[in-house]
Amino acid sequence: MPKVGSVADLQILREQLQKDFSRRTDTNTVITVGMGTCGIAAGARDTMQAILEELDKRDITAHVQTVGCIGMCSREPLVDIEQAGKPRISYGNITRDRVPQLIEEHLIKGQVVEEWVVGKLQRD
Amino acid sequence: MAEPVYRADVLVCTGTSCVSSGSVSVLDALHAELAKQGLEDEVRVIETGCRGFCAMGPVLIIYPDDIFYCQVKPEDIPTLVEETLLKGRVVERLVYQEPETHEAVPFYDDIPFYEKQNRIMLRNCGLIDPEMIDEYIVRGGYRGLAKALTEMTPETVVADVKASGLRGRGGAGFLTGLKWQFAQAAPGDVKYVVCNADEGDPGAFMDRSILEGDPHSVVEGMTVCGYAIGAHEGYVYCRAEYPLAIKRLKLAIKQAEEYGLLGDDILGTGFSFHLQVKEGAGAFVCGEETALIASIEGRRGEPRPRPPFPAVAGLWGKPTNNNNVKSYCVIAQIIEKGPDWFRGIGTEGSPGTAVFALTGKVRHTGLVEVPMGITVREIIYDIGGGIPDGKKFKAVQTGGPLGGCISEENLDLQVDFDSLRQAGAVMGSGGMIVVDEDTCMVEFCKYFLTFAVAESCGKCVPCRVGGRRMLEILTRITEGNGELEDIPKLEEIAAGMQSGALCALGQLTPGPVLSALRFFREEFEAHITDKRCAALQCESLISYYVNPAACKACGKCRKACPVQCITGDRKMIHIINQDECIKCGTCYSVCPFDAITKVSGQEFAVPTELIPVGSWQA
């Protein structure tokens with residue numbers, strides 16, 4: 001274990017560790033992956049793994065949650081993205097190869113990828 | 001290999017309470033199931049310290065969803081993993097249910113047990129892995145120490161602690177800052193910091209939970225104290241009966257040393273502080289500071305008269321500051337957030353929070369932290385969930401065997417050091433034992449007195465002899481041989497002990513008896529004059545009868561009676577022979593018709609010879 005030689009080092013260490021702890025604190029982004037039998041059969045496990053890798057690579061803090069079937073099995077894997085103050089967007093047929101583009105457009109550029117959208121939910 | 005990217009954390013409580021309710025086998029099952037489902041690289045399992053909700057253990061929390069599961073068994077794990085971790089659904093049967101409405105409360109933040117609490121000292125307990133210094137650091141750990149060492153002088157540290165109004169959480173409530181000031185002002189190059197973790201009250205586990213759940217907070221607080229008073233060495237005196245606390249504390253010390261947050265040249269500031277753990281052999285008197293110091297030195301754990309106080313001549317005759325675990329664990333936050341922050345919580349005379357180990361006849365036993373000034377009623381009913389089985393509240397004992405009780409009329413008393421003292425109880429270290437109408441107050445006092453008498457070190461006469469005499473009188477009363485003069489006699493001995501005993505153990509031993517006499521005097525008198533124990537607990541004063549109107553002559557009691565003192569026959573009302581009955585209560589518990597009646601101090605009409613069922617007329 002490296003020594004923490006100064007107060008500044010302590011601060012740097014704390015910031016490095018922050019990401020690892022983010023699951024237990026508030027983030028403003030929740031990504032929800034449909035993990036019913038239908039979702040799993042369509043490759044949702046793989047999609048979720050890709051999302052986790054992409055978030056890590058791009059250093060984005062977000063909570064990744066799983067949910068059961070919501071009934072739109074033909075469009076699985078379904079991925080919802082909800083950010084504070086914005087409507088919740090549901091995307092359909094998100095396979096592993098679509099994940100990098102989705103993360104890039106929605107989370108980094110802040111643009112909804114309209115062609116993949118299956119629904120929007122405005123929170124009241 | 002790179003650390004896997006996790007999407008969820010499962011926090012499993014591995015505090016002593018949850019371990020005893022089976023959290024280790026739950027943990028094993030969880031690891032096995034995650035491996036089976038291929039989730040090891042997605043879901044991280046973290047072992048935490050006590051979450052406080054011990055009545056509901058083993059408890060488990062899933063982040064980021066904030067789902068709180070309680071009383072989890074290993075066989076629940078496959079369902080839990082599949083439903084919650086794979087499919088994101090809440091397993092309803094494992095979530096906490098409102099005892100009244102049976103309504104399920106899946107989310108941690110909504111549980112009433114936690115709603116009224118304000119967790120400052122316990123802020124990390126159950127939230128972080130106590131064996132990982134990194135988790136403590138992420139939660140702001142060692143920031144207080146860094147601030148003290150780089151931005152403050154020892155004088156300003158002491159001034160801040162004093163200004164915060166923090167009072168010693170060991171029970172006496174002495175101003176911590178003032179204590180530090182004395183140690184700081186005492187001349188000498190060698191000084192010591194001592195932490196009293198010799199928690200010995202029956203039913204108390206506040207200090208243990210902090211050491212198990214957040215050991216670094218104590219390490220950090222003691223280091224700040226060392227800087228403030230000019231000490232470079234410290235000891236944590238922890239009883240050997242707390243193996244998990246000792247293990248985690250030692251690990252915390254090791255990790256802090258590796259990071260350079262403890263030891264030589266802390267954070268490059270040149271300040272050095274070394275910490276050691278001293279395991280105590282579990283003598284109750286060693287919680288008294290001078291006895292504790294004697295024990296660290298390797299001498300017999302006996303108190304000595306003060307002054308000189310330890311701040312002047314303590315460990316090995318050097319100036320020593322001694323505080324309780326709970327006092328040290330809040331120091332870093334006071335330094336970091338400032339004394340006004342601490343003053344903003346609690347009451348004027350007792351700022352901050354109080355940690356109570358809530359036990360006894362209350363639905364949600366466990367560890368609670370509340371702002372000072374909350375009422376006893378709120379603690380017992382809102383947080384504790386009230387008295388189980390529809391029974392009536394009778395009293396609550398605070399301060400353990402050296403404390404006192406509070407009766408129903410004082411339920412709306414605001415809890416702080418001064419108000420409790422005025423009511424005849426004491427804050428103590430934080431034990432809170434609730435009793436219901438089925439508890440005999442004489443017997444209750446006898447229990448605490450038995451403990452205190454056994455733990456008296458025997459050095460001074462008032463404690464050694466006085467306690468024993470009081471116990472003899474109480475025993476006599478519970479056996480039906482009490483006399484009316486016994487009550488003033490108890491009070492006289494108590495006054496002698498309070499004024500004459502050498503240390504707090506002897507001075508406070510009569511406390512429970514005196515406070516019980518204050519609120520429940522008529523109960524003592526009923527034992528003496530009517531030979532009646534209203535709670536039906538004192539064996540010598542109760543009798544068992546078969547209620548002839550309810551007996552169905554099933555014969556169960558007759559077969560179960562270990563001394564064959566019940567006579568009866570087919571379709572004949574059974575009779576207990578009072579001369580031979582040993583009052584074991586077996587018949588009472590086996591009777592399917594509740595026909596066995598327990599009475600005290602009164603006659604119960606029963607037939608004198610066998611008569612047929614249904615023919616009884618009173």
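B:Y142 is buried, with 29 other C-beta atoms within 10 Å. A residue counts as buried if 20 or more other C-beta atoms lie within 10 Å of its own, as exposed if 12 or fewer do, and as partly exposed in between; C-beta atoms are placed from the backbone. The phi angle of B:Y142 is positive, near 65°, in a residue other than glycine. B:Y142 sits in the loop between helix 5 (133–138) and helix 6 (143–151) of chain B.

The model is predicted: local features need pLDDT of at least 70, side-chain atom pairs count only at pLDDT 80 or more, and totals for chains, interfaces and linings use all residues. Residues are numbered from 1 along each chain as its sequence is written, while chains are lettered from A and ligands numbered from 1 in the order in which they are written.

B:K531 also has a positive phi, near 50°, and is a residue other than glycine. B:K531 is partly exposed, with 18 other C-beta atoms within 10 Å. Its loop runs between helix 21 (511–530) and strand 16 (542–546) of chain B.

Two cis peptide bonds were examined. One joins B:P307 to B:P308, with omega near 0°. B:P308 lies in the loop between helix 12 (289–296) and strand 10 (320–324) of chain B. Another joins A:E76 to A:P77, with omega near -10°. A:P77 belongs to the loop between strand 2 (63–67) and strand 3 (79–83) of chain A.

Chain B contains 23 helices and 19 strands. These are DSSP runs, numbered from the N terminus: helices are H or I of at least four residues, strands E of at least two. The radius of gyration of chain B is 28 Å, close to the 25 Å that the globule rule gives for 618 residues, so chain B is as compact as a globular protein of that length. The radius is taken over C-alpha atoms, and the rule is 2.2 Å times the number of residues to the power 0.38. Buried residues make up 53% of the 618 residues in chain B.

In chain B, 26 residues are in contact with 25 residues of chain A. Contact requires C-beta atoms, placed from the backbone, within 7 Å. Helix 5 gives the most to this side of chain B, with 4 residues. The side divides into 14 nonpolar, 4 polar and 8 charged residues. Ala, Val, Leu, Ile, Met, Phe, Trp, Tyr, Cys and Pro count as nonpolar, Asp, Glu, Lys and Arg as charged, and the others, Gly among them, as polar.

Note on methods. Two residues are in contact if their C-beta atoms, placed from the backbone, lie within 7 Å.
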